[in-house]
Amino acid sequence: ETGVTQTPRHLVMGMTNKKSLKCEQHLGHNAMYWYKQSAKKPLELMFVYNFKEQTENNSVPSRFSPECPNSSHLFLHLHTLQPEDSALYLCASSQASGLPTGELFFGEGSRLTVL
Amino acid sequence: AQTVTQSQPEMSVQEAETVTLSCTYDTSENNYYLFWYKQPPSRQMILVIRQEAYKQQNATENRFSVNFQKAAKSFSLKISDSQLGDTAMYFCAFVIIQGAQKLVFGQGTRLTINP
């Protein structure tokens with residue numbers, strides 16, 4: 001198993017659909033993150049979970065709903081999205097206790113297209 | 001607010017040449033880490049090199065080295081003897097050390113190594 005796994009890798013959905021992105025990490029980390037990567041823009045931090053508790057919501061619209069049932073799994077539930085939400089969504093994890101190194105470990109991303 | 005700026009959207013060099021990618025950042029904090037991440041086409045983002053702000057010595061990892069100028073808030077990446085596999089998006093990132101590691105990324109530099 002690779003360190004951080006994201007599914008699906010590609011997703012096409014209509015504006016009225018409801019779908020979910022899944023992320024799983026096998027690194028024993030206790031912090032997980034969702035980032036949005038759009039062309040020609042810096043990566044945008046969306047949500048941070050630290051020991052399953054949400055510690056950051058970076059003014060993300062409510063049509064994106066995160067869920068972190070345990071330290072190894074992170075979901076991003078999507079509903080009534082807009083075409084401008086089309087992007088690569090990256091999940092990452094890190095060690096948040098002990099001596100943090102500052103390093104994030106990323107999944108390969110889920111490429112979302114909203115029609 | 002912390003910001004990271006990469007002023008070179010794209011760069012292209014010949015194989016075996018040396019290339020330097022620029023990065024500047026802005027923060028009022030004193031304890032932080034700086035990173036360069038590499039994102040190959042359709043592959044996951046991985047850490048290239050890390051620099052602790054309290055260390056004056058520049059970090060090196062094989063062919064990769066940084067020029068860290070703390071007073072100028074500059075953090076450039078030098079790739080020596082460039083290889084075709086170095087072709088990727090390169091992101092400069094910055095994090096304040098705390099519980100969850102909320103990295104702030106630059107816009108990225110698309111580097112192409114030509115044969």
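In what order do the elements of chain B run from the N terminus on? In this predicted model, they run β-β-β-β-β-β-β-β-β-β-β-β, and the count for chain B is accordingly given as twelve strands and zero helices. The radius of gyration of chain B is 14 Å, close to the 13 Å that the globule rule gives for 115 residues, so chain B is as compact as a globular protein of that length. Its C-alpha trace spans about 40 × 30 × 20 Å along the principal axes.

Within chain B, buried residues make up 49% of the 115 residues, and of the contacts with a separation of 6 or more, 55% are made by residues 24 or more positions apart. Chain B exposes about 5,600 Å², with carbon and sulfur atoms supplying 43% of that area.

One residue of chain B can be followed in detail. T112(B) lies in strand β12, which covers residues 109–114, and T112(B) is partly exposed because its relative accessible area is 28%, a value that falls between the 20% and 50% cut-offs. Leaving aside residues up to four places away in sequence, T112(B) touches M11(B), S12(B), V13(B) and T87(B). The C-alpha atoms of T112(B) and S82(B) are 9.9 Å apart in space, while the two residues are 30 residues apart in sequence.

Turning to the interface, 20 residues of chain B are in contact with 27 residues of chain A. The area buried between the two chains is about 1,800 Å², and carbon and sulfur atoms give 55% of it. On the side of chain A, the residues that lose the most area to chain B are L43(A), G102(A) and F106(A), which together account for 25% of what that side buries.

Chain A also has some backbone features to inspect. Most residues other than glycine have a negative phi, and most peptide bonds are trans. The peptide bond from T7(A) to P8(A), however, is cis, with omega near -10°, and P8(A) has its place in the loop between β1 (4–7) and β2 (10–13). K52(A), in the loop between β5 (44–50) and β6 (53–57), has a positive phi near 70° and is partly exposed, at a relative accessible area of 42%. T80(A), in the loop between β8 (73–79) and β9 (87–94), has a positive phi of about 45° although it is not a glycine, and T80(A) counts as partly exposed at 44% relative accessibility.

Technical notes
Residues are numbered from 1 along each chain as its sequence is written. Chains are lettered from A and ligands numbered from 1 in the order in which they are written. This is a predicted model: local features need pLDDT of at least 70, side-chain atom pairs count only at pLDDT 80 or more; totals for chains, interfaces and linings use all residues. Side-chain values use heavy atoms; hydrogens and water are left out. Helices (H or I, at least four residues) and strands (E, at least two) are DSSP runs, numbered from the N terminus. The radius of gyration is taken over C-alpha atoms; the globule rule is 2.2 Å times the number of residues to the power 0.38. Buried means under 20% relative accessible area, exposed over 50%, partly exposed in between (1.4 Å probe, protein chains only). Contact means heavy atoms within 4.5 Å. Accessible areas come from the Shrake-Rupley method with a 1.4 Å probe; for residues, only the protein chains shown count as cover. Buried area is the accessible area (1.4 Å probe) that two parts lose on being put together, summed over both.
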